[in-house]
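Here's a quick briefing to go with the chain you're about to look at. Have the viewer open and follow along, topic by topic.

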Amino acid sequence: MATPEFRPTHVAPRHGMPAWEEPDPSRPAVPLDPLLPVQLLERRGDWGHVLCSNGWSAWVDGRRLVAVPEDPPAADAPDGPRGDAADPRPLLAVAEDGLARYRTAVRELADGALDGEGFRRRTHGLRVGVVVDGEDVWLYDPAREGWVYGDGTRLSTFATDRAPRAAEGPDHAATRVVNPGRGA
């Protein structure tokens with residue numbers, strides 16, 4: 001049963017995700033179910049405090065939450081994702097190279113020039129990701145271990161695979177996430 005006024009802002013990733021009582025890895029809680037709708041209440045560094053529809057709350061790696069579908073964030077929006085990759089072309093070249101390496105290994109495997117173990121060795125550690133939807137692009141950046149979003153001219157960090165870090169320091173105030181449509 002959903003609590004009154006519950007409006008999900010995100011869902012857990014498709015394989016679920018670990019959760020903690022506090023933004024501290026030594027205090028585990030029950031993991032979130034796959035695709036569980038949650039409302040992001042607050043951020044502290046990479047940690048996100050979420051509220052579930054049943055009123056239960058927990059801390060999670062906020063970077064791994066999947067936003068409820070909306071328009072993609074504009075790379076130059078003042079409140080959009082931040083990043084320092086101004087030009088998408090170098091990352092597109094990295095993706096092309098990775099895809100070409102994978103294509104070559106698949107061809108050699110299919111032709112019998114490479115066995116299964118050789119294929120695994122050749123592709124071990126290779127990570128490539130590209131999603132193009134009109135003018136919007138999401139690219140996997142293996143150097144930063146995460147996804148970036150671009151609008152054709154600029155890239156900005158979208159999501160990451162890295163473990164969560166603590167906030168900047170003990171005096172760092174938590175960031176409170178508010179729903180702009182409902183007021184502060």
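Where does Gly152 lie? Gly152 sits in the loop that runs between E10 and strand E11 (155-160). Keep in mind while you browse that this is a predicted model. The protein chain has two helices and 12 strands, and its mean pLDDT is 79.

**The chain as a whole**

- Going from the N terminus, the elements come in the order β-β-β-β-β-β-β-α-α-β-β-β-β-β.
- Of the 184 residues in the protein chain, 30% are buried.
- Take the contacts in the protein chain with a separation of 6 or more: 50% of them are between residues 24 or more positions apart.
- The protein chain exposes about 11900 Å², and 53% of that comes from carbon and sulfur atoms.

- A pLDDT of 70 or more is reached by 73% of the residues in the protein chain.
- Residues 75-84 are the stretch to watch, as pLDDT stays under 50 there.
- For residues 75-84 the model still has 16 contacts beyond four places in sequence.

**The nonpolar cores**

- The largest nonpolar core is made of 11 residues, including Met17, Leu32, Val38, Leu40, Val50, Cys52, Val60 and Leu65.
- Strand E2 (17-20), strand E4 (37-44), strand E5 (47-52) and strand E6 (57-61) are the elements that each give two or more residues to this core.
- Apart from it there's another core, this one of five residues, with Leu91, Val137, Leu139 and Leu155 among them.

- Strand E9 (residues 136-141) is mostly covered, with six of its six residues buried.
- Cover comes on both faces of E9: Asp136, Trp138 and Tyr140 are buried on one side, and Val137, Leu139 and Asp141 are buried on the other.
- On one flank, E9 pairs with strand E8 (residues 130-133) in the antiparallel sense, over four bridges.
- E9 also pairs with strand E10 (residues 146-150), again antiparallel, over five bridges.
- The hairpin of E9 and E10 has four residues between the strands, and Glu145 in the turn shows a positive phi of about 55°.

**Helix H2**

- Which residues of H2 are buried? They are Gly118, Phe119 and Thr123.
- Looking down the axis of H2, these buried residues fall within an arc of 120°, so they line one face of the helix.
- The buried residues of H2 pack against helix H1 (89-110).
- Arg120 and Arg121 are on the other side of H2, and they're exposed.
- Thr123 belongs to helix H2 (residues 116-123), and Thr123 counts as buried because its relative accessible area is 15%, below the 20% cut-off.
- Leaving out residues up to four places away in sequence, Thr123 touches Tyr102 and Ala105.
- Just after H2, Gly125 takes a positive phi of about 80°.

- Gly152 touches Pro88 and Glu135, not counting residues up to four places away in sequence.
- The C-alpha atoms of Gly152 and Asp87 are 8.4 Å apart, though the two residues are 65 residues apart along the chain.
- Leu35 is in the loop between strand E3 (28-32) and E4, and Leu35 has a positive phi of about 60° although it isn't a glycine.
- With a relative accessible area of 52%, Leu35 is exposed.

Technical notes: Residues numbered from 1 in each chain as written. Predicted model: local features only at pLDDT ≥ 70, side-chain atom pairs only at ≥ 80, totals over all residues. Heavy atoms only, no water. Core = buried A, V, L, I, M, F, W, Y, C linked by side-chain atoms within 4.5 Å. Buried < 20%, exposed > 50% of the residue type's maximum accessible area, 1.4 Å probe, protein only. Contact = heavy atoms within 4.5 Å. Pairing = 2+ DSSP bridges. Areas by Shrake-Rupley, 256 points an atom, 1.4 Å probe, with all protein chains shown as cover. pLDDT = per-residue confidence, 0-100. Arc of directions from axis to C-beta.
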